Amino acid sequence: MELMLQVLAVEPTAQVLAKEPIIPFAILLVVILVIPIIFERLRLPGLVGLVLSGVVLGRHGWNVFPTETSTMSLLSDIGLVYLMFVAGLEIDLEEFRRKKIPAFGFGSLTFGLPLLVGVFLSRRFGYEWNAAILIGSIVASHTLLAYPLINRLGVTSNTAVRTTIGATVITNFSALLVLALCLAANSENLDFWQVLPFFNSLIVYTIIVLIGCNWVGKEFFRRSGDDEGNQFLFVLLSVFLIAFVAQLLEIEKIVAAFLAGLAVNEAVGEGPVKEKVVFVGSILFIPIFFVHLGLRIDLPSFFSSLITLQFTILLVVGLFASKFIAAFAAKLLYHYNWQETLTMWSLSLPQVGVTLAAALVGYENGLLSPILLNSVIVLMLVSSTVGSLMTSRFAVGLTASVVKEQPSTTPTHIDAGKTDSSPSTIVVPVYNPQTQQYLIEMAALLARQANGRIIPLAIATAAAHMDAPQLETSMERSERLLLKATALSRVLGVEAQPLLRIDDAFAQGISRAAREQKADLILMGWGKRTGLRARLFGNVIDSVLWASHCPVAVTRLLESPKKIQRILVPVENFIAPTLQSIQFAQILAEANQAQVTVLSVCERRTSSSKIASRRSQLSQIVSNVSSAHPPEIQIIAHENVAQAILQAARLYDLVVLPFVRNRTSPGGLSISDVTTYLARQLTCSIVMLGEPQRTEKSVTVPVGVPSPIPVT
């Protein structure tokens with residue numbers, strides 16, 4: 001009631017909200033939930049919407065939010081540290097090592113040239129050397145903001161894209177190193193030579209963190225087994241402990257956070273713990289940081305100063321020009337084509353993570369004025385928006401160059417008539433009696449083609465007490481399911497070896513049993529993701545896909561697999577999972593004497609020569625599948641890939657979709673946006689085929705099952 005009286009008394013809104021911290025937090029959650037969705041629908045980065053929301057809600061807009069409150073400042077500081085930690089955690093160190101020479105070359109160019117441009121412009125506008133060098137280093141870094149798009153297009157294995165990913169390590173680390181030196185020189189009023197001792201101590205600290213924490217992290221993960229909760233807490237403790245030690249050594253915390261991300265990078269790997277860490281940051285703390293950053297923008301003063309406006313425009317032009325020159329120089333050095341060059345340019349344009357973090361720290365330490373901070377934020381808004389749009393335009397043409405990297409890998413041919421001395425093994429987890437019959441039928445069709453066996457698997461969950469009544473009940477239920485599965489397998493004429501396993505969780509039990517039985521395929525029923533807990537902690541299918549050593553087929557079967565006569569395999573990109581999906585469909589087709597159609601969707605304005613090239617590439621892929629009845633090839637020109645597939649799927653009994661992991665997706669969705677939409681809209685049976693995470697160059701797989709064919 002008191003709050004209502006304050007509002008009626010026309011007390012300033014910001015003052016009212018400052019007294020009730022729960023209200024601004026609720027408004028923050030609404031902004032974080034709604035604004036990114038709206039901006040992404042407009043094909044604009046969601047973080048741009050968050051920053052603009054801060055501008056609108058701040059003191060120079062509607063004045064809804066107080067600029068500085070203890071709660072807001074704390075959450076924003078955590079978001080800043082989290083942002084830099086995730087920046088280090090998301091860097092693909094293996095990719096950097098694989099392409100270290102071109103990555104170092106392009107990284108040096110795309111950092112050095114913008115650095116010189118930024119220093120030159122800053123000095124021309126009268127800024128002192130320390131601030132000028134900091135501005136130059138800030139605009140020299142870049143953020144792989146368009147990586148989800150690149151990943152969705154399936155061109156992450158392109159040589160030029162790999163080089164750009166590796167160059168991110170050089171630009172970000174160099175920018176943070178320059179920031180640390182500029183802060184040290186500013187705080188102690190030191191000259192260049194006096195900063196050298198601090199530089200040496202910074203290098204020693206970096207080496208200790210990268211080597212020591214990497215070793216400690218690997219040891220902890222090895223000893224903690226599958227306890228994801230403790231692993232998650234260890235990762236969070238690492239980043240804040242490393243930041244605390246950095247504060248004692250007078251090293252900026254964002255530098256320490258980035259190093260912490262690099263240090264635990266290999267220990268965390270590509271797994272569910274990383275998904276949880278990234279999810280917690282990207283869903284809450286990092287968005288709050290961007291909103292809080294928007295609250296600091298002073299638009300009236302920015303537009304009232306003609307000199308500031310000129311400096312910002314020249315800085316934006318200088319950034320675009322210098323990044324293009326760097327990409328063009330890389331083209332000449334490493335012989336990239338124009339499509340690859342333009343993609344490298346667009347990928348290296350967005351200035352988000354390190355840029356904003358370094359600018360904010362420079363502002364808080366008195367190196368940058370509020371006007372300069374506004375200029376950097378405007379630079380971020382322009383570069384992230386334009387860079388993402390340019391990447392969506394240029395990266396589409398990279399599919400052909402990925403195919404060139406595949407000839408060194410010899411695909412495994414499928415021959416239904418052959419048998420192998422080590423019969424194919426298909427593990428079928430059984431839990432739902434309503435879907436069990438169709439799962440066993442599909443497993444039988446696949447196993448019969450390779451003279452293989454089925455292992456119906458039931459998991460009885462138990463924590464510590466083996467005498468718990470709940471365990472006894474679970475085991476009895478599991479035994480009934482296994483008896484039913486064994487009887488059905490016998491009717492279908494396939495060998496079945498039922499397996500009952502006691503484990504502490506379904507996903508771990510499935511993955512461990514499949515490994516122990518040397519399974520070649522895990523065939524699972526549909527598991528819909530529902531609720532916040534599923535998004536935060538994942539579901540059984542996600543966990544199995546992360547941990548499995550073999551392919552995982554997730555099915556939603558609306559009728560008996562024996563009735564399937566027409567199978568559609570949409571091909572979004574020419575990447576490794578494409579061949580596995582076609583192989584899987586062809587095995588099933590051979591069992592049913594069915595027909596497989598490989599579908600590719602291109603834009604309406606695609607030229608006839610490009611369509612012919614795409615058909616040739618598809619023919620080359622299909623030729624790797626040995627079959628008496630090879631798949632048909634169909635190419636459709638349509639402006640919407642998902643709608644085109646939905647229209648074509650009306651004539652088919654089954655659609656086989658590949659899992660394409662979206663690494664930066666909050667919550668770790670294991671399938672691409674197109675596949676996610678199709679899984680909800682398709683009215684026929686679906687199989688989603690996922691490949692395990694692996695780095696091996698080659699893998700030996702028994703004949704008759706989908707074989708992993710890594711892109712080298």
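1. Let's start with a charge over a ring. In this predicted model, Arg566 places its charged end over the ring of Tyr652, at 4.4 Å from the ring centre.

2. The structure has 13 aromatic pairs. Take Phe220 and Phe221: their ring centres are 6.5 Å apart and their planes meet at 70°, so this pair is edge-to-face. The angle decides the label here, because planes over 60 degrees apart count as edge-to-face. As for cover, Phe220 has a relative accessible area of 29% and is partly exposed, whereas Phe221, at 13%, is buried.

3. Tyr334 and Tyr336 make a tilted aromatic pair, with 6.1 Å from centre to centre and 45° between the planes. Tyr334 is partly exposed at a relative accessible area of 25%, while Tyr336 is buried at 6%. If you colour the model by accessibility, the cut-off to keep in mind for "buried" is under 20% relative accessible area.

4. Now for the surface. Val30, Leu33, Val34, Ile37, Ile38 and Leu42 make up a nonpolar surface patch of about 540 Å². Leu33, one of the residues in this patch, belongs to helix H3, which covers residues 22–41. With a relative accessible area of 58%, Leu33 is exposed; the cut-off for that word is over 50%.

5. Is Thr171 buried or exposed? Thr171 is buried, with a relative accessibility of 0%. Thr171 is found in helix H10, which runs over residues 159–188. What lies 3.2 Å from a polar atom of the Thr171 side chain? The backbone oxygen of Thr168 does. So this buried threonine has a polar contact to the backbone, given that N or O atoms within 3.5 Å can count as one.

How values were computed:
Residues numbered from 1 in each chain as written. Predicted model: local features only at pLDDT ≥ 70, side-chain atom pairs only at ≥ 80, totals over all residues. Heavy atoms only, no water. Phe/Tyr/Trp six-rings, centres within 6.5 Å; stacked < 30°, edge-to-face > 60°. Buried < 20%, exposed > 50% of the residue type's maximum accessible area, 1.4 Å probe, protein only. Lys NZ or Arg CZ within 6 Å of the ring centre and 35° of its normal. Patch = residues over 30% accessible without salt bridge, like charges linked within 9 Å, V, L, I, M, F, W, Y side chains within 5 Å. Areas by Shrake-Rupley, 256 points an atom, 1.4 Å probe, with all protein chains shown as cover. Salt bridge = Lys/Arg side-chain N within 4 Å of Asp/Glu carboxyl O. Helix = DSSP H or I, 4+ residues; strand = E, 2+ residues; numbered from the N terminus. Polar contact = N/O pair within 3.5 Å; in protein donor to acceptor, adjacent residues only side chain to side chain.
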